[in-house]
Amino acid sequence: MSIFHSMNTTASALTAQRLRMDVISSNIANVDTTRAKQVNGEWEPYRKKSITLKEQEGQFSSFLNIAMGKTVKSGVGNGVKVTSIKEDTETPFKLVYDPTHPDANAEGYVQTSNVDLLKEMVDLISAGRSYEANITAFNANKNMLTKALEIGKG
């Protein structure tokens, strides 16, 4: 295990949360988009995107398991990684009555994205708080390493 293991773990979380905020920002920016891509020759509204996170497997947890004679996962983390960015195909598009809109159907309804603005704002706040917490952990670790180096000087 490296002296910088915890910094690498925190850095992976910062990267993942930053990507999460980027995806959420894209969802918010496209909340009213009615033409995102063509499917079977028809324009489709923007579909909400979300990321999937997974624990990173690393050699430190494997080393602990071998050293302790266990085959279970250790309690030591190795960070997080983004496994995918998925479009929400389950939630239907919203229908808004606007017969003057160029994308309105015969009944005057326009399909808009399936992004729920309120949920996106809550997710954005959650991602921001997680990012801040990881910065605090990173700075605490940096301060501990600095103090350790100062002890070594004296």
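In this predicted model, asparagine 141 is in contact with Ser6 and Met7, once its neighbours within four places in sequence are left aside. Asparagine 141 has its place in helix α3, which covers residues 117-153, and with a relative accessible area of 9% it is classed as buried, because the term applies to residues under 20%.

Attention then turns to charged side chains. Side chains of opposite charge can pair when their charged atoms come close, and a search of the whole structure finds nine salt bridges. One of them is formed by arginine 35 and aspartate 103, whose closest N and O atoms are 2.6 Å apart. Arginine 35 lies in the loop between α1 (5-29) and β1 (37-39), whereas aspartate 103 lies in the loop between β5 and β6, so the pair ties together parts that are 68 residues apart in sequence. Arginine 35 counts as partly exposed, at 44% relative accessibility, and aspartate 103 is also partly exposed, with a relative accessible area of 24%.

A further salt bridge is formed by glutamate 87 and lysine 37, with the closest N and O atoms 3.1 Å apart. Since glutamate 87 belongs to strand β4 (residues 80-87) and lysine 37 to strand β1, this pair ties together parts that are 50 residues apart in sequence. Glutamate 87 is partly exposed at 32% relative accessibility, and lysine 37 is partly exposed with a relative accessible area of 35%.

In helix α3, glutamate 150 and lysine 147 lie three residues apart, about one turn of the helix, and they form a salt bridge in which the closest N and O atoms are 3.7 Å apart. Elsewhere, salt bridges that share partners join Lys37, Lys49 and Glu87 into one network.

As for aromatic side chains, the count comes to one aromatic pair. The rings of tyrosine 97 and tyrosine 109 have their centres 5.3 Å apart and their planes at 65 degrees, so the pair is edge-to-face. This pair links distant parts of the chain, with tyrosine 97 in strand β5 and tyrosine 109 in strand β6 (residues 109-112), twelve residues apart. Together with Leu95, Tyr97 and Tyr109 make a nonpolar surface patch of about 340 Å². Leucine 95, found in strand β5 (residues 94-97), is exposed, with a relative accessible area of 55%; tyrosine 97 is likewise exposed, at 54%, whereas tyrosine 109 is partly exposed, at 35%.

Conventions. Residues numbered from 1 in each chain as written. Predicted model: local features only at pLDDT ≥ 70, side-chain atom pairs only at ≥ 80, totals over all residues. Heavy atoms only, no water. Patch = residues over 30% accessible without salt bridge, like charges linked within 9 Å, V, L, I, M, F, W, Y side chains within 5 Å. Areas by Shrake-Rupley, 256 points an atom, 1.4 Å probe, with all protein chains shown as cover. Salt bridge = Lys/Arg side-chain N within 4 Å of Asp/Glu carboxyl O. Helix = DSSP H or I, 4+ residues; strand = E, 2+ residues; numbered from the N terminus. Buried < 20%, exposed > 50% of the residue type's maximum accessible area, 1.4 Å probe, protein only. Phe/Tyr/Trp six-rings, centres within 6.5 Å; stacked < 30°, edge-to-face > 60°. Contact = heavy atoms within 4.5 Å.
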